[in-house]
Amino acid sequence: MIVKRLFFLLLLLFSCAPVLSQVYVGNIYFDRVNVFDSTEAHRFFAYKWMNALHVMTKNYIIEDELLFDIEDEIDPFTLAETERNLRKTGLFSEVKIELDSVSDDEYDVYIVTRERWSTQPSLLLGTGGGESNYGGRLEELNLLGTGTRLSVEGLYRTENNIKWQGAFELAQRRLFRSELGLSMILIANKYRTDQLFTINKPYRTEETEYSFGLNGLNSFGKDFLYNTKDSFNLMSFHERRISAWVSKAWWKQDRVFATIGLEWEDVDRYSPEYRRAFDNSGKFFLAFSSVAREFIKTKKINTYHDEDMPVGGWGTAILGKTFPIGHRGEGLYYIAGQGERSYFSDNIYLFGQITGASGFKRANGVYTYQEFLGLGFYRLSSVFLLAARVREQAVWNWGALRQLILDNDAGLRGYSANDLAGDNRMIANLELRAFPGWELAKLKLSAVAFYDLGSVWRQDTHLKDTRWHNSAGIGIRFHNMTSFGESSIYRFDFAFNFDEKKFAGIIFTTNQLFSAFRNHEFRPPSLFGLEFDYE
């Protein structure tokens, strides 16, 4: 596949020019297509009205993502990366870059983008695990064509009698056209409030040399600690955290990173029995990482839209030290590592990731964590795809509160929410996905037959003594072709619970249960294994 891709890129560069000659960018044109075009009038009668309500993306939003300029030498890799970056903005449902010959050594470049329908007023209806949600959301993904995301949500949740929950999010991919990104999130219900703030300069391109970021969290209220079926304790808490990192990268291909991370955390749990790992600690991290990848444009894996599937690998080694804050934390040394690799050939994709981490007090390991994630798919035909996921998480010497839940949200469809909890968890999913291409009013249909298997258990329980749970069923997905991302897929699943030997209620939510592939990308250093499911 790599040889074929290189051949295609070389052919693109030299097919219309003499061998060994250089070709350059002439003019750059923006061919912006609205959400609906005139050819779709027979399928959607209100297309003119919908286009009139949509504000087209400003030219400068596209310009800021271009990695080339007029009179630059044409580089197929740069063109392909620019196309990927434009798709990554989430503002367009289709992106193409086309060349038009002007002379033997000059080509005009056309940036062809189809607008994504960005204003998303929606009724929120969700069921699964014996719980249901309903409410509304007003989401604007491209406010006034500036690439700004604004979302306001009101949701009524029957889970744990939470009732009404509100959420607000504001995000700007490029703050004032700079390299900085900004995100602010507020989520609140009667039990807890979460306030999150992020400002960062990411590795936007394969040639970006530096990255840095600052995150802030203020969270307070009550968490749920589940005991038995329909029984839980409420744990009061107030958590404040600030983390920052700065990173330097070398080389364009097979990138290498050196990263320093810092974190300060102050937590009140109000009861010693609710203490969690690494509470009230300052953290210092030094990480050395590398990533190598190539991208393959594909579709009909998770969605009908074009997706950029990375193939390659990522690895990181982390050295750290924690410091007590307010005489309540622990001073530990910390060592962690994560490695992942993917493979694609002849319609087969495989991905594997292994993570290991531990704190050390003198010569003794504490808070030791291990995780495995496996993904894969096999394309049976142009319509059918077999996709699979396996995730396993385990801890040792974890002398603090920990809770992982096995239910519909975790991937075991047909089981009641929050009934199964433990320190360790394993979940496996197998799906036969069908993409027949049937379309009605800009909605395309796909179907799924699935089998889920999973277990949770305590640290002091041997894996052989755990109880396994499984379900099977069928489902359909509606893909909104005017949109892109999680909210563009509406998922209906109907699962048979093998423990209770009965069909559960219809599961309705958004997005696929899991993506059949995963990106290899830079990640700032952090503590592994702190995941805590509270609802």
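Which residues does glutamate 330 touch, not counting residues up to four places away in sequence? In this predicted model, residues are numbered from 1 along each chain as its sequence is written, and side-chain values use heavy atoms, with hydrogens and water left out. Local features need pLDDT of at least 70 and side-chain atom pairs count only at pLDDT 80 or more, whereas totals for chains, interfaces and linings use all residues.

With residues up to four places away in sequence not counted, glutamate 330 touches Arg275, Ser281, Thr322, Phe323, Pro324, Lys361 and Tyr367, contact being defined as heavy atoms within 4.5 Å. Glutamate 330 itself lies in the loop between β14 (307-324) and β15 (333-345); strands (E, at least two residues) and helices (H or I, at least four residues) are DSSP runs, numbered from the N terminus. A polar contact at 3.5 Å joins the side chain of glutamate 330 to the side chain of arginine 275. Such a contact is a pair of N or O atoms within 3.5 Å; within protein, one must be able to donate a hydrogen and the other to accept it, and residues adjacent in sequence count only if both atoms are side-chain atoms.

Strand β15 runs antiparallel to strand β16 (residues 348-361), to which 13 bridges join β15; two strands pair if DSSP finds at least two bridges between them. Tyrosine 333 has phenylalanine 360 in β16 as its bridge partner. The two strands β15 and β16 form a hairpin with 2 residues between them, and aspartate 346 in the turn has a positive phi of about 50 degrees. Strand β16 also pairs with strand β17 (residues 364-379), in the antiparallel sense and over 13 bridges. Here the bridge partner of leucine 350 is glycine 376 in β17. A hairpin with 2 residues between the strands is likewise formed by β16 and β17, with arginine 362 in the turn at a positive phi of about 60 degrees.

An open sheet of 3 strands has the order β1-β3-β2, with mixed pairing. Strands β1 (24-33) and β2 (92-103) stand at the edges with a single partner strand each, so one side of each is left without a neighbour in the sheet. On average, neighbouring strands of this sheet are turned by 20 degrees against each other, direction ignored. The pairing of β1 with strand β3 (residues 106-115) is parallel and covers 8 bridges; valine 33 stands opposite arginine 114 in β3. Helix α4 (residues 76-88) lies across β2 and β3 and runs at about 155 degrees to β2. For these angles, axes are lines fitted to C-alpha atoms, for helices over the stretch in contact, and values run from 0 to 180 degrees between N-to-C directions.

A salt bridge is a side-chain nitrogen of Lys or Arg within 4 Å of a carboxyl oxygen of Asp or Glu, and by this rule the count comes to 49 salt bridges. One of them joins the side chains of arginine 177 and aspartate 64, at 2.8 Å from N to O. This pair links distant parts of the chain, 113 residues apart: arginine 177 is in the loop between β7 (163-172) and β8 (181-188), and aspartate 64 is in the loop between α3 (59-63) and α4. Arginine 177 is partly exposed, with a relative accessible area of 45%; buried means under 20% relative accessible area, exposed over 50%, and partly exposed in between (1.4 Å probe, protein chains only).

Aspartate 223 and arginine 276 form a further salt bridge, in which the closest N and O atoms are 2.5 Å apart. Aspartate 223 lies in strand β10 (residues 210-226) and arginine 276 in the loop between β12 (255-268) and β13 (281-298), so the pair ties together parts that are 53 residues apart in sequence. Both aspartate 223 and arginine 276 are buried. A salt bridge is also formed by aspartate 493 with arginine 491, the closest N and O atoms being 2.7 Å apart, and both aspartate 493 and arginine 491 are buried. Salt bridges that share partners join Arg413, Glu431, Arg433, Asp452, Arg477, Arg491 and Asp493 into one network.

Lysine 201, in strand β9 (residues 192-201), is buried yet has no salt bridge; glutamate 179, the nearest side chain of opposite charge, is 5.0 Å away. Lys and Arg count as positive and Asp and Glu as negative, while His and the chain ends are not counted. The side chain of lysine 201 reaches the backbone oxygen of tyrosine 210 at 2.7 Å.
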